[in-house]
Amino acid sequence: MSTFEPDLEWWKVSRAKTCREESLAASFDLHKGVEAIEVFNQNCYVICMHKVARLLNDMVNAGIIKDYAVFGAVAQMRYTETILTLDADILVALPDPDALDMLNPIYAFCQERGYQPEGEAIRVGDWPVQFIPAFSELTREAIREAETGDLDGVPLRVVRADYLAVIALSVGRAKDFARVLALREAGAVTDMEISELAARYDLISAWNVFLERFHES
């Protein structure tokens, strides 16, 4: 299992101020302006993720899920600039992935701890959290190869940048292409790493379409 040292401010939990205190600071400090609001948003991300991390690890310990990894926009923020996202996507490996009610144990576990359903998600703090069962060998491997970081003493598993990029290629929406571009521009993943992983999962054609679309070779 590989590890990483979180290098973005929003991974760091500040115990000095709550989100409410940060919100007031952002409202009344005219000198800070937008910068203060950005700090407030980042701290809220961290506080929410701290709750999510504890919940996920409790699920693993209770046998509700076998493993997990944060992916999507929230995982991308580990590698790129902070981006706007309305929810957190979590890939999960389930004990019985073929069960018709595969997510029911997750919903029940969350409700027992006071986290209520919101559509297809579970609200944890200020965030709807979506639990997405691994849906391909690529996503199953992404969970197995996820990196484990330390979020104020709580482990949190996050999909690696190369897997984020190739999963995005496999889906192929405009926002997925934007994710690949952002990861490459941030230096989080190389074209060689994307190409090698894409080749293993028969996604070279999707990679070539991406390169052609963005006029690269």
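## Starting with a pair of strands

Five bridges link strand β1 to strand β2, and the two run antiparallel. Strands count as paired here if DSSP finds at least two bridges between them. Helices (H or I, at least four residues) and strands (E, at least two) are DSSP runs, numbered from the N terminus. In this pair, Phe71 has Asp89 of β2 as its bridge partner. Most of β1 is covered, with four of its five residues buried. Buried means under 20% relative accessible area, exposed means over 50%, and partly exposed lies in between (1.4 Å probe, protein chains only).

A word on the model itself: it is predicted, so local features need pLDDT of at least 70 and side-chain atom pairs count only at pLDDT 80 or more, while totals for chains, interfaces and linings use all residues. Residues are numbered from 1 along each chain as its sequence is written, and side-chain values use heavy atoms, with hydrogens and water left out.

## The overall picture

The protein has nine helices and seven strands. Of its 217 residues, 46% are buried.

Val124 stands opposite Trp127 in β5. With two residues between them, β4 and β5 form a hairpin, and Gly125 in the turn has a positive phi of about 65°.

Another hairpin is made by β6 and β7, again with two residues between the strands. Strand β6 (residues 147-151) and strand β7 (residues 154-158) run antiparallel and are joined by five bridges. Leu151 has Val154 of β7 as its bridge partner. Four of the five residues in β6 are buried, so this strand is mostly covered.

## Two aspartates to look for

Asp152 lies in the loop between β6 and β7. Although Asp152 is not a glycine, its phi is positive, at about 55°. Asp152 is partly exposed, with a relative accessible area of 32%.

Asp202 sits in the loop between α8 and α9 (204-213). Asp202 is not a glycine either, and has a positive phi of about 55°. With a relative accessible area of 70%, Asp202 is exposed.

## Inside the core

Which residues touch the most other members of the largest nonpolar core? They are Met59, Ile90, Ile106, Phe131 and Leu156, in a core of 63 residues. Helix α6 (residues 161-171) gives the most to this core, with eight residues. A nonpolar core is a set of buried Ala, Val, Leu, Ile, Met, Phe, Trp, Tyr and Cys residues joined through side-chain atoms within 4.5 Å. In soluble globular proteins, nonpolar side chains tend to be buried together.

Leaving aside residues up to four places away in sequence, Phe131 touches Leu55, Leu56, Met59, Ile90, Val92, Leu103, Ile106, Cys110 and Ile122.

## Helices and their neighbours

In helix α5 (residues 137-144), the buried residues are Leu138, Thr139, Glu141, Ala142 and Ile143. Their cover includes β1 (67-71), β2 (88-93), β7, α6 and α8 (191-200).

The axes of α6 and helix α7 (residues 174-185) come within 8 Å and cross at roughly 155°. Axes are lines fitted to C-alpha atoms, for helices over the stretch in contact, and angles run from 0 to 180 degrees between N-to-C directions. The two helices are therefore roughly antiparallel to each other, a label for angles over 145 degrees. The contact is made by Ala161, Leu164, Ala165, Ala168, Leu169 and Val171 of α6 and by Asp176, Phe177, Val180 and Leu183 of α7.

Leu181 also lies in α7, and counts as buried at 19% relative accessibility. Leu181 and Ala165 are 16 residues apart in sequence and 8.7 Å apart in space, C-alpha to C-alpha.

Notes:
Contact means heavy atoms within 4.5 Å. Angles under 35 degrees count as roughly parallel, over 145 as roughly antiparallel, 65 to 115 as roughly perpendicular and the rest as oblique.
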